[in-house]
Amino acid sequence: MKVTNAEIVISAVSQKQYPDDRLPEIALAGRSNVGKSSFINKLISRKSLARTSSKPGKTQTINFYRINESFYFVDVPGYGYAKVSKTEREKWGKMMEEYFINRENLEAVLLITDIRHAPTNDDIMMYDFLKHYELPVIVVATKLDKIPKGKRAQYLKRTINTLQIEKGDVVLPFSSETGEGKEEAWRILSKYIG
Ligand code: GDP
């Protein structure tokens, strides 16, 4: 897809701030610092529309990026950052439920994992949560560039097995560094943003 327009519309902290133009939405979920912002930036060929950071646990907002005025990438706050308080974790849970359970124009969720590591319990919980609510899930195993070519199949298999990926669900190897997987990502997404 040729991206001609990409803009951040809102960093929302509550439901009433979500955009109301009813465009299809593709959400990104994953551990904090896993590479969600880098994925968005790579797909839309912008260096830094989505804010990347080497510091996990940044502000908890749901960021809506409108692309080509035809759909949104929705970056939800990452999980699994040890240093957050119980109160913050509860706030996170409430935000997730508010968005994922009720959002009518949410078409699919990209669950971003780090291919170098076995998916964590949090990753497994997120996958199960999304499946429970019957949301289409595409697992993106990112940071592929960090794995030698000869070992990629083995690492990919570990991701699939640990998450117990259901038949028919896609696991896409990806790198925001090299752009591997980018064309395939757009091909998959085209089904949902029609
Ligand atoms: P977010 O918190 O999930 O949005 O994560 P970011 O996109 O900010 O990425 C966290 C860190 O991982 C940054 O230092 C990125 O440069 C790095 N990173 C993200 N994706 C990749 C990738 O595919 N390959 C490599 N080598 N580094 C990546």
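Reply: The model is predicted, so local features need pLDDT of at least 70 and side-chain atom pairs pLDDT 80 or more, while totals for chains, interfaces and linings use all residues. Residues are numbered from 1 along each chain as its sequence is written.

Me: Which residues does Val74 touch, not counting residues up to four places away in sequence?
Reply: Contact here is defined by C-beta atoms, placed from the backbone, within 7 Å. With residues up to four places away in sequence left out, Val74 touches Glu25, Ile26, Ala27, Leu28, Ile62 and Phe64.

Me: Why is strand β2 largely enclosed by the rest of the structure?
Reply: A strand is a DSSP run of E with at least two residues, a helix one of H or I with at least four, both numbered from the N terminus. A residue is buried with 20 or more other C-beta atoms within 10 Å of its own, exposed with 12 or fewer and partly exposed in between, C-beta atoms being placed from the backbone. On one side of β2, Glu25, Ala27 and Ala29 are buried, and on the other Ile26, Leu28 and Gly30. Strand β2 (residues 25-30) is largely enclosed because its buried residues number six of the six.

Me: In which order do the seven strands form the open sheet?
Reply: Strands pair if DSSP finds at least two bridges between them. Four bridges join β2 to β4 (residues 71-75), running parallel, and Glu25 stands opposite Tyr72 in β4. Six bridges join β2 to β5 (residues 106-114), also parallel, where Ala27 has Val109 as its bridge partner. The pairing is mixed, and the order is β1-β3-β4-β2-β5-β6-β7.

Me: Which strands stand at the edges?
Reply: Each edge strand has a single partner strand, so one side of each is left without a neighbour in the sheet. These are β1 (6-12) and β7 (170-173).

Terms used: Two residues are in contact if their C-beta atoms, placed from the backbone, lie within 7 Å.
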